[in-house]
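Let's take a friendly walk through a protein model together. Keep the picture at hand as you read.

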Amino acid sequence: ALTHEARKRMTREELVEFALLRSSIEEVGLNKKSLYQMRAAELYNKYAKRLRLGYDAGTLVKLNALKEENTAKCLVWTTDLDREGFSFATDIKQRRRIMGVTKDTDTIRDILVVTSPDIKTEQQINAYLKSTGLDEVIGRENVIVRLKYDERYKDKIFVRGIYEEIASKGSFRGMSISEKDVIIASDQGEFKHDEEFMLIEVLGYHTAANAGLYKQAIKLLLQGEQALIEGVLEKYNAKGAKNRYYYLPPVKMPQDFIREFNKYRLYIQQALTKA
C-alpha cells in the first residue's frame, strides 16, 4: 500500500487513478477473473500485428503435430521477465486454443521460476498466480522458487539446476523431457548459459518489453533457427554462444497499452502487498 508521504507527492490525476484502481481490486478480489486479465487479452488482440503476436504457418503446423507426437516440450520463464509486461497467461490460453488442448492434455509444459524478492511466501506465490491469471493455466507443481541464486554463479540462475528440478518431478504426460526439448526465456543475464539448452533473452528495458516473446520462444523451440527473423529474433554470434538467442521487442508501444500496463503493474503490487 502507498504511504501517506507517497500519496502527498502524487498529482490529483494520479490520486484519482489510484482510487479507481483500488476500488477495482476490492470489487474483483483475488478469487475472480481480474479486470486486468480481460484488459490484457483485449489489448493483445488489438495490437497483435504491431507487437508481432502471431504464429507463422510453419509454427502452426508444428503445434498441431505435437498432439500426435510422443514428445513433450518445456518453456521456462521467470517472474522478473513476466513482470516486464502482461502475464503470459493470455499467450498460453491462445496457444492451447490453436492446438485444441486443455490444461490437462497440453504437451507443452510451462514452468514459472519465482525470482522476485517480493514473492517469498506460499501465500504470495498463490496471490501472484491468481492476480495474473496464471493459476488458470499452470499448476503449483510447475512453479519453481529460486529466490537465492546458485552460489556457483553469484547472481545468475544455473540452468541445469532448473532442468534437474523439472526432471525430478517425473515424466510429463508419460513422456520424458530432454535438454533439446527445453527453452529458457529470460531478461538478459538472468541465467548462466548452458549450451545444451536453448536460451532466448530480451534486449530492451522499455514498457512491456516481453510483448510477443512467448510466441517467439515457441517458434524457436519448434522450428530452431528457421524461426530467426532479422531485427526481431536473432542469434548471438560469439564463442560459447551455441543455442543462445535474443529477442528485440517493439520499441514504440501504443500509449493505451503503456497506460494499462502501468495500472496492471500497480494492481499486481497491491495483490502481493495484501497477501
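The report below starts with the whole chain and then turns to its sheet and helices.

## About the model

This is a predicted model, in which local features need pLDDT of at least 70, side-chain atom pairs count only at pLDDT 80 or more, and totals for chains, interfaces and linings use all residues. Residues are numbered from 1 along each chain as its sequence is written, and side-chain values use heavy atoms, with hydrogens and water left out.

## The whole chain

The protein chain has 10 helices and nine strands. Both kinds of element are DSSP runs numbered from the N terminus (helices: H or I, at least four residues; strands: E, at least two).

Of the 275 residues in the protein chain, 51% are buried, meaning under 20% relative accessible area with a 1.4 Å probe, protein chains only.

## The sheet

Seven strands form an open sheet with mixed pairing, in the order E3-E2-E1-E5-E7-E9-E8. Strands count as paired if DSSP finds at least two bridges between them. At the edges are E3 (143–145) and E8 (233–235), each pairing on one side only. From one strand to the next, the twist averages 25 degrees.

E8 pairs with E9 (residues 244–247) in the antiparallel sense, over three bridges. Leu233 has Tyr247 in E9 as its bridge partner.

## Helices on the sheet

Helix H9 (residues 213–223) packs on the sheet and touches several strands, including E5 (182–187) and E7 (198–202). Its direction makes about 155 degrees with that of E7. Such angles run from 0 to 180 degrees between N-to-C directions, using axes fitted to C-alpha atoms, for helices over the stretch in contact; contact means heavy atoms within 4.5 Å.

Helix H6 (residues 89–99) lies across E1 (73–78) and E2 (108–114), running at about 175 degrees to E2.

Technical notes: Buried means under 20% relative accessible area, exposed over 50%, partly exposed in between (1.4 Å probe, protein chains only).
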